[in-house]
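Trainee: Before we go further, could we work through this model together, one question at a time?

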Amino acid sequence: MIRNSLTAKIIISVGIVISVVIGVCAYIIVIVQTNELMDRAKRNGIYINHLVNQYVSQFMLTGNRKEIKEFFININKSEEVRKIFLFDENGRIVFSSNQNDIGMDADDFHRGLFENIEGRVKYKVQEKSGIFSIVTPISNKPECQQCHDTARATLGALALDISLVPAEKEIVKNRNLIILFALVGLVLVSAVLSVLVVIMVKRPINKLIGTMTEVEQGNFDVKVDIKNKDELGQLGNSFNSMIARLERTNMELLRHHEMQLQQAEKMATIGELASGIAHEIKNPLAGIGAAIQVLADEFDLRNTHSEVVDEIMLQLDRLNKNTRDLLSFARPAEPRFLSGDLNEVVSKAVFFVRKQAEKQKIGIKEELEKQIPKIFLDPEQMQQVFLNIMLNAVQATPEGGNLTISTQKKPEIVPVIIGAPGVRGSKDNVSRERIEISFSDTGKGITEEHLKKIFNPFFSTKHRGTGLGLAISRNIVEKHGGHIEVKSKPGRGTNVTVVLPVKGSI
Ligand SMILES: Nc1ncnc2c1ncn2[C@@H]1O[C@H](COP(=O)(O)OP(=O)(O)OP(=O)(O)O)[C@@H](O)[C@H]1O
Ligand SMILES: [Mg+2]
């Protein structure tokens, strides 16, 4: 679900970044606050200790022990002050906020601080109890020496225990507040972010997807309505112009298709008509031919009017060919496949063309590859194909030109996708080969404009051509699973290549 939603991905990623930033900020604020509060509590303790020390020194000079006692009791009423006491240089407690301690020895912790005191204030936190202890030495000043021994530098120390609990409570309170604010901020920022992403990203993308689906289903009347001026808006605009272009292309295709359909229908009607006529002409034509031959023999016309007889026979031959062409175009016979040697079929076709070529002084060169495998083909139909192509070449080549015929076995270069319809498996793909039968002439060539039309039925540039030779040939070759390629350079010559599969759709 999340993996498929861009909006969810954006919200989660930005949400994580914001959480981390807010978390780190909150953590830093908590640490700074904690240190600040602790420092303040300690500074307060040191300050109180300093004040008490001054008071005590004063009371000492006046010798008012009772006031010192009361002062200690009163100061202890403060929430922060846990205990205050004064001990002499031997560690014995002289005054204390806790009356029971008077006369007792100070504990090791305070005495330890006093031992290293060297005339300075010493303080340390008692980690376990959360108490901050400050020990201040009481120096033996000249005014003190009225009562105390002059040899002693320090008379004792004032110890003050400050509780850090109130500061800790404040720290916890502040920390909870910061966490609360961080969480509320996070929720608010996430909510605003989600709304913004939905408005600025999800909605336009949904509109795009909706329109794309419509277009996919063939509806080109739709438009993406994105008002944003950002990249998504630009994408919508580009998409709209793409739909418009698609619609135009689609219309053109439809028109073209319609025209093709009309053309095909026209061709079918013409073909039907032509084949009907051809069928009707075929038999009388054979009858006329036979009758002319009988007449020629009977009246010895071959000796007296040989030119006339030859001309009649020539025209009859032409009529016969045209009728045959029309019939095989309109009602093409299904090929009868036999295992055949292509070189043999080519050579037979060359044999029929050679006479005509010699007449026009056109040299024919055969370059047939010996290792051509046998393939399934209809030899008669294939011979007709080769004849059509070679006759075209001979007709287009001037005297002294050349026609080269070659056969070649080549590996199949068309990539075959395994699993595609009609493809049985990888073995098939590896063994697929093709045979190329190429006819190259040095004739007048074909212009680019004509090249597009030469396979169209009835297209001919010749005075007496039916324009069916190549149309019939293509039909036959395609039934063999192959195709015909034509390359030509006007004035230089033409190359027609018949490509047949060794193992194909047959
Ligand atoms: N080798 C070639 N050199 C030049 N033009 C060619 C060649 N082969 C075909 N053509 C062109 O292609 C056209 C169509 O050829 P196609 O064989 O289909 O008909 P045709 O030769 O005109 O008539 P038909 O073959 O029925 O006698 C030809 O009229 C010619 O213009
Ligand atoms: Mg021809």
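Trainee: In this predicted model, is F458 buried, partly exposed or exposed?

Mentor: The relative accessible area of F458 is 32%. Buried would need a value under 20% and exposed one over 50%, so F458, at 32%, is classed as partly exposed.

Trainee: How many aromatic pairs does a search of the whole structure find, and which geometry does the pair of F329 and F458 have?

Mentor: The search of the whole structure finds 8 aromatic pairs. In the pair formed by F329 and F458 the ring centres are 5.9 Å apart and the planes make an angle of 75°. Since planes over 60 degrees apart count as edge-to-face, the geometry of F329 and F458 is edge-to-face.

Trainee: Which relative accessible areas do F386 and F439 have?

Mentor: F386 and F439 form a tilted aromatic pair, with 5.6 Å from centre to centre and 45° between the planes. This pair links distant parts of the chain, as F386 belongs to helix α9 (residues 379–396) and F439 to strand β10 (residues 433–441), 53 residues apart. Both residues are buried, F386 with a relative accessible area of 0% and F439 with one of 1%.

Trainee: Which polar side-chain atom lies 2.9 Å from a nitrogen atom of ligand 1, and what percentage of the area of ligand 1 does the protein bury?

Mentor: The atom that lies 2.9 Å from a nitrogen atom of ligand 1 is in the side chain of D441. A nitrogen atom of ligand 1 is also 3.5 Å from an N or O atom in the side chain of T494, while a backbone N or O atom of L468 lies 3.3 Å from an oxygen atom of the ligand. Taken alone, ligand 1 exposes 590 Å², and the share of this area that the protein buries is 94%.

Trainee: Which element gives the largest share of the shell around ligand 1?

Mentor: The shell holds 19 residues, and N392, S460, T461, K462 and T466 are the closest; by class it divides into 7 nonpolar, 9 polar and 3 charged residues. The largest share, 3 residues, comes from α9.

Trainee: What distance separates the centres of domain 1 and domain 2?

Mentor: Domain 1 covers 6–169, whereas domain 2 is made of 335–415 + 430–501. Taken over C-alpha atoms, the separation of their centres is 113 Å.

Methods:
Residues are numbered from 1 along each chain as its sequence is written. Chains are lettered from A and ligands numbered from 1 in the order in which they are written. This is a predicted model: local features need pLDDT of at least 70, side-chain atom pairs count only at pLDDT 80 or more; totals for chains, interfaces and linings use all residues. Side-chain values use heavy atoms; hydrogens and water are left out. Rings of Phe, Tyr and Trp (its six-membered ring) pair if their centres lie within 6.5 Å; planes under 30 degrees apart count as stacked, over 60 as edge-to-face and the rest as tilted. Buried means under 20% relative accessible area, exposed over 50%, partly exposed in between (1.4 Å probe, protein chains only). Helices (H or I, at least four residues) and strands (E, at least two) are DSSP runs, numbered from the N terminus. Domain bounds come from an automatic or database domain assignment. A residue is near a molecule or strand if one of its heavy atoms lies within 4 Å of it. A polar contact is a pair of N or O atoms within 3.5 Å; within protein, one must be able to donate a hydrogen and the other to accept it, and residues adjacent in sequence count only if both atoms are side-chain atoms. Accessible areas come from the Shrake-Rupley method with a 1.4 Å probe; for residues, only the protein chains shown count as cover. Ala, Val, Leu, Ile, Met, Phe, Trp, Tyr, Cys and Pro count as nonpolar, Asp, Glu, Lys and Arg as charged, and the others, Gly among them, as polar.
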